[in-house]
Amino acid sequence: MEAQNGGGGGAPVVLNVYDLTPMNNYLYWFGLGIFHSGIEVHGMEYGFGAHEFPTSGVFEVEPKSCPGFIYRRSVWMGTTNMSRTEFRSFIENLAGKYNGNAYHLISKNCNHFTDDVCKNLTRKSIPGWVNRLARVGSFFNCLLPESIQVSTVRHVPTHPAFSDDDMDSISSSIIGDSDVEELDQHLLPSDVHSIDVPPKLAKDLL
């Protein structure tokens, strides 16, 4: 397991990776797979998904609890010296660059978002295998099924708004199981959505 407690000061930055399809159990060992990722900082996890409106598609959930996906593993990315307040301001500003209606499976997906956050916080990119589908697809987009080129991972309304007082320490979330029960997920800065991946999309991706 790559997630671990790091030394030195600063808040841990952890990449949480999820399977979009059970086929990843086989593809993973060949360096392939179809993954969703979220970035965990200051006790909450942040991700990016699609909706039909020109507003932010960035949302927050309890760590390792993104609905609609199966948690696979956590990858330690480093630490950030941003305080909780500074990070909150940073993530809300970044959220404005990731509108839900701009989501694209190949060119602007959840893994592009987490890579952007990691580069800003730790100067590191996420592991290449997490977003390999998009990198391959960017070269062979004309050969991909039309459903992959235009489909998005959609959200539907669900839970109530998030309070900053609910943020907990990240240290206990680095090692744990893959349960996705009793979670809160919140679209920044106010609207709320959960993720539903159509079975046909996962099939087309394979």
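The legends below describe close-up views of side-chain contacts in a predicted model. Local features need pLDDT of at least 70 and side-chain atom pairs count only at pLDDT 80 or more, while totals for chains, interfaces and linings use all residues. Residues are numbered from 1 along each chain as its sequence is written, and side-chain values use heavy atoms, with hydrogens and water left out.

**View 1. His 42 in the loop between β2 and β3.** The loop that holds His 42 runs between β2 (35–41) and β3 (44–48); strands (E, at least two residues) and helices (H or I, at least four) are DSSP runs, numbered from the N terminus. A polar atom of the His 42 side chain lies 3.0 Å from the backbone oxygen of Met 82. His 42 counts as buried because its relative accessibility is 13% (buried: under 20% relative accessible area; exposed: over 50%; partly exposed: in between; 1.4 Å probe, protein chains only).

**View 2. The salt bridge between Asp 19 and Arg 72.** A salt bridge places a side-chain nitrogen of Lys or Arg within 4 Å of a carboxyl oxygen of Asp or Glu. By this rule the model has four salt bridges. In the one between Asp 19 and Arg 72, the N to O distance is 2.8 Å. This pair links distant parts of the chain, with Asp 19 in strand β1 (residues 11–19) and Arg 72 in strand β5 (residues 70–80), 53 residues apart. Asp 19 has 7% relative accessibility and therefore counts as buried, whereas Arg 72, at 21%, counts as partly exposed.

**View 3. The salt bridge between Arg 88 and Glu 60.** The closest N and O atoms of Arg 88 and Glu 60 are 2.7 Å apart. Arg 88 belongs to helix α2 (residues 84–95) and Glu 60 to strand β4 (residues 58–61); the pair links distant parts of the chain, 28 residues apart. Both Arg 88 and Glu 60 are buried.

**View 4. The salt bridge between Asp 115 and Lys 119.** Here the closest N and O atoms are 3.2 Å apart. Asp 115 and Lys 119 are separated by about one helical turn, because they are four residues apart in helix α3 (residues 110–122). Asp 115 counts as buried at 16% relative accessibility, and Lys 119 is partly exposed, with a relative accessible area of 41%.

**View 5. A network of Glu 60, Arg 88 and Glu 92.** Salt bridges that share partners join Glu 60, Arg 88 and Glu 92 into one network.

Definitions and conventions: Polar contact = N/O pair within 3.5 Å; in protein donor to acceptor, adjacent residues only side chain to side chain.
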